[in-house]
Amino acid sequence: MGEFKVHRVRFFNYVPSGIRCVAYNNQSNRLAVSRTDGTVEIYNLSANYFQEKFFPGHESRATEALCWAKGQRLFSAGLNGEIIEYDLQALNIKYAVDAFGGPIWSMAVSPCGSQLLVGCEDGSVKLFQITPDKIQFERNFDRQKSRILSLSWHPSGTHIAAGSIDYISVFAVKSGSAVHKMLVDRQYMGVSKRKCIIWGVAFLSDGTIISVDSAGKVQFWDSATGTLVKNHLIANADVQSIAVSDQEDSFVVGTAEGTVFHFQLVSVTSNSSEKQWVRTKPFQHHTHDVRAVAHSPTALISGGTDTHLVIRPLMEKVEVKNYDAALRKITFPHRRLISCSKKRHLLLFQFAHHLELWRLGSTVATGKNGDTLPLSKDADHLLHLKTKGPENIICSCISPCGSWIAYSTTSRFFLYRLNYEHDNISLQRVSKMPAFLRSALQILFSEDSTKLFVASNQGSLHTIRLLEGSFKHLHTFQPQSGTVESMCLLAVSPDGNWLAASGTSAGVHVYNIKHLKLHCTVPAYNFPVTALAIAPNTNNLVIAHSDQQVFEYSIPDKQYTEWSRTIQKQGFHYLWLQRDTPITHISFHPKRPMHILLHDAYMFCIIDKSLPLPNDKTLLYNPLPPTNESDVIRRRTAHAFKISKIYKPLLFMDLLDERTLVAVERPLDDIIAQLPPPIKKKKFGT
């Protein structure tokens, strides 16, 4: 593996936003997640739970509801009173419609997927028709006295249930009038003075309505008579969310104490056809409020204030007991928030509304393997660059020479020139950036810092030449005819001749920068690309996919390399394929052309292509290189994969020079320490 001096960085003070809503799409097996800062993320559960798309947040968009409609269309609504539809191809907002009912607290799509209901602050329930291009207001239902906090359609589409404060209403869709009004018991911990908030409702086929409320209760109602059938007190705090399976044989609820409860419909006796709802399993995978839950055919999904997205497989529904049956906990975005200037030893950290530039510390001390060396000069916080306006930063990058910083928001693109004088730094903004650069999804500088490559959300790639304090637009690579696929990942060759770009699907295009044309397209693969890089000298393109496969493609020869064909023929080690976080960065050693360096959130790996590949009987996470000729066992078990799990969670790792690495970690305990305190629960013996 070789010895490296490692800069272990833990001052990236990144805290993900809490999860507010989740929505599962059964047709595409995708999960939409909205966060408290307005960001919306799309996870492909079929592609190893990879976060394949995201829509940047906005200060004025506090999303309160999220749902999928017919034709893979995604809608959200929030406290600004607008209903938003997202363009899943161009990765931007298609349009926003004001519902004119004040803040929107709830939203539900009809069982046929062609109608949309929203519940508003003023007590109104509004029905919209979903047309091919937009949504059209149809009518209002009878207005209620207080805000509508939850909605659910009956599977037949004839009635809806609406949860409010202290009561649940049942509406007939045809007339829009209230059929029943069911008062909810206010009693909480023996006190009945406070109001009872109905956080969630679910309308079942047999007419049963399940409600969850702020008094810690799960209640079952008969919608035909408007009466309470059964009551479960499950928490000493709010029960905030509910989701029912498609078969209506189980449902899941999330509480403010961080507990997720699973209810199942089971037979009363072994020979009886009579069934009843039973609380079967509690899960404690969260430390804070569980604000949102979803129920897929094979898993329970939950998210909340502690920022974790937890996917808990239902073991009785998982046919093969492999790594798909393992618990998944997703905390960090599957995209890079850190870029590096190797020449000046600088790191650029991206936050929602600002950038931070740091210079790494240095040491003159020496030591043996595993020693922690004292710093002779501490890390310096050089720059805090705050954005103007309410929009979140989409992407950012610092040039290899450290003299340029670029970042993009939805409506603007910013480019800055940095000047260094001794310990002072000055910033000069480049004015009059062209409008076509805005909404950039990825920014990358060439190795010599003379060119800037910008991937737009319309599928085009822009090449900019950087001059002293200004720029010149050189060329735009247009998308293939008939496609508007957004390019999310870029890689440029060290010699500056080749540019590789990957879109939201699995395709990778390689462009010739000198001749300004498309050179080739890498053969399509079923899983999305998570990272790519071009090796020096050979110009081999290394591509990592979400199913943990790694390919090496020769750009000059337009074909996969011999090493890549060998590893595909033999197959990767089963433990390598069972890793549950994607590879997010690939790099190369300047003096060791046979080495590929890559990392995910929990391991750093050097692949030595000169060594034999491991088979499933070999120990994957082994081995140190042989220290002497007599070290027969180590020599016999040596293989191409050298893996280190010292650094975790690992957000970024790269070579600064031949002997120096930088590793940026973000310990989970540091994130939890910055969250609001959870509800205090009495423990036995305290």
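Colleague: How far apart are the mean positions of the positive and negative charges of the protein chain?

Modeller: They lie 2 Å apart, for 74 positive and 59 negative charges. Lys and Arg count as positive and Asp and Glu as negative, while His and the chain ends are not counted; each charge is placed at NZ of Lys, CZ of Arg, CG of Asp or CD of Glu. Please keep in mind that this is a predicted model, in which local features need pLDDT of at least 70, side-chain atom pairs count only at pLDDT 80 or more, and totals for chains, interfaces and linings use all residues. Residues are numbered from 1 along each chain as its sequence is written, and side-chain values use heavy atoms, with hydrogens and water left out.

Colleague: Why is His-154 called buried?

Modeller: Buried means under 20% relative accessible area, with a 1.4 Å probe and protein chains only; His-154 has 14% relative accessibility, so it counts as buried. Of the 686 residues of the protein chain, 57% count as buried.

Colleague: What is His-154 in contact with, leaving aside its neighbours within four places in sequence?

Modeller: Contact means heavy atoms within 4.5 Å, and the partners of His-154 include Pro-111, His-159 and Phe-203. Its side chain also reaches the backbone oxygen of Leu-204 at 3.4 Å, to be set against the limit for a polar contact, a pair of N or O atoms within 3.5 Å, where within protein one must be able to donate a hydrogen and the other to accept it, and residues adjacent in sequence count only if both atoms are side-chain atoms.

Terms used:
Buried means under 20% relative accessible area, exposed over 50%, partly exposed in between (1.4 Å probe, protein chains only).
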